[in-house]
Amino acid sequence: MPITADFHMHSAHSGDGRTPMEEMIRQAVRAGMTHICFTEHLDIDYPAAPDLPEHYFLLDTESCFHELTRLRSVWADRIRIGFGVELGLQPHLRDTHTRYVASHAFDFVIGSSHICNGRDPYYPAFYEGRTEEEAYREYFASILENLDAFHDFDVYGHLDYVVRYGPHKDRDYTYEKYRDILNRIIDRLLALGKGLELNTGGLANGLREPNPCTAILKQYRKRGGEIITVGSDAHVPERIGHAFATAQEILKDCGFSHYTTFEKRQPVCHRLP
């Protein structure tokens, strides 16, 4: 059986989502998913942006949980629905995130880097006045800072997110070019017992490979990493499960025999065919 668990998706509860939860669930069932997890955005202290309203990436967690709990009972005989969150990590938010995660009954927590030293690589200004490599290296260095500050997450999301938005995206990007700092990140994740996410959102946005790239996934596995979730990063129903057949082949090529879901913050392995 192919991968049937999409563990990264957003509904209208996320600032950049517009689709009601139930529409996302309905499409997941149509797409053959057996497990999904809503991982709505929480980016505290997101920098002001002229094209976004204030508090755009804050999350009404109680409202989200209330609706998810209701829909779980409605769809219980057709699909398992996880309660997750995607935390936008920044080192100074360590204590705030620690209290937040401890106060909610999450199944799954993604730690992601959306903000690097007060700026979002989504915007062209992040790359102005320097080379693409300098910008990418600053982003990877900020991940190490996040890993030193905060550990209460399950997997690191779209580890090389920055390449989605660079001037040349992943045209000149390779693991080998950044292996010195990427290996430090991988080793730190392993020392902390954390997993990685294979995020197919990059493929949906024109990248040659998922986030992170295949070579990073291979290094994580080669160094003993086993916890690997698969997520589409879907913000609309038609993206659910996007390129999961490709993801499956990538995981097998990297040496993985299983992919992972989470229930009550505990990993559950599913064998790859």
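## Model and confidence

The protein chain has an average pLDDT of 97, and 100% of its residues score at least 70; pLDDT is the predictor's confidence in each residue, from 0 to 100. Confidence is lowest in helix α6 (residues 201–204), with a mean of 94, and highest in strand β4 (residues 108–112), at 99. Helices (H or I, at least four residues) and strands (E, at least two) are DSSP runs, numbered from the N terminus.

This is a predicted model, in which local features need pLDDT of at least 70 and side-chain atom pairs count only at pLDDT 80 or more, while totals for chains, interfaces and linings use all residues. Residues are numbered from 1 along each chain as its sequence is written, and side-chain values use heavy atoms, with hydrogens and water left out.

## The sheet and the hairpin

Seven strands make up an open sheet with parallel pairing, in the order β1-β2-β3-β4-β5-β6-β7. The edges are β1 (5–9) and β7 (228–231), each with a single partner strand, so one side of each has no neighbour in the sheet. Two strands count as paired if DSSP finds at least two bridges between them. Strand β4 and strand β5 (residues 155–156) run parallel and are joined by two bridges; Gly111 has Tyr156 in β5 as its bridge partner.

Strands β8 (residues 258–263) and β9 (residues 266–271) pair in the antiparallel sense over six bridges. Here His258 has Arg271 of β9 as its bridge partner. The two strands form a hairpin with two residues between them, and Lys264 in the turn has a positive phi of about 55°.

Helix α2 (residues 61–74) has 14 residues and spans 20 Å from its first C-alpha to its last, close to the 20 Å expected at 1.5 Å a residue; the expected span is 1.5 Å times one less than the number of residues. Its buried residues are Thr61, Cys64, Leu68 and Leu71. They lie on the same side of α2, because they cover an arc of only 100° around the axis. The arc is that of the directions from the helix axis to the C-beta atoms. Glu62, His66 and Ser73 are exposed on the other side of α2. Buried means under 20% relative accessible area, exposed over 50%, and partly exposed in between (1.4 Å probe, protein chains only). The cover over the buried residues of α2 includes α1 (21–30), β2 (35–42), β3 (80–88) and α3 (94–102), where contact means heavy atoms within 4.5 Å.

In α3 the buried residues include His97, Tyr100 and Val101. Their arc of only 95° around the axis puts them on the same side of α3. Arg99 and Ala102 are exposed on the face turned away from the buried side. Among the elements covering the buried residues of α3 are β2, α2, β3 and β4.

## Salt bridges

A salt bridge is a side-chain nitrogen of Lys or Arg within 4 Å of a carboxyl oxygen of Asp or Glu; by this rule there are 19. One of them joins Arg80 and Glu263 (3.2 Å, N to O). Arg80 lies in strand β3 and Glu263 in strand β8, so the pair ties together parts that are 183 residues apart in sequence. Arg80 is partly exposed at 47% relative accessible area, and Glu263 is partly exposed at 32%.

Arg208 and Asp170 also form a salt bridge (3.7 Å, N to O). Arg208 counts as exposed at 54% relative accessibility, whereas Asp170 is buried at 8%. Lys218 forms a salt bridge with Asp253, with the closest N and O atoms 3.3 Å apart. This pair links helix α7 to helix α8 (residues 244–253), 35 residues apart. Arg119, Arg130 and Glu138 are linked in a network of salt bridges.
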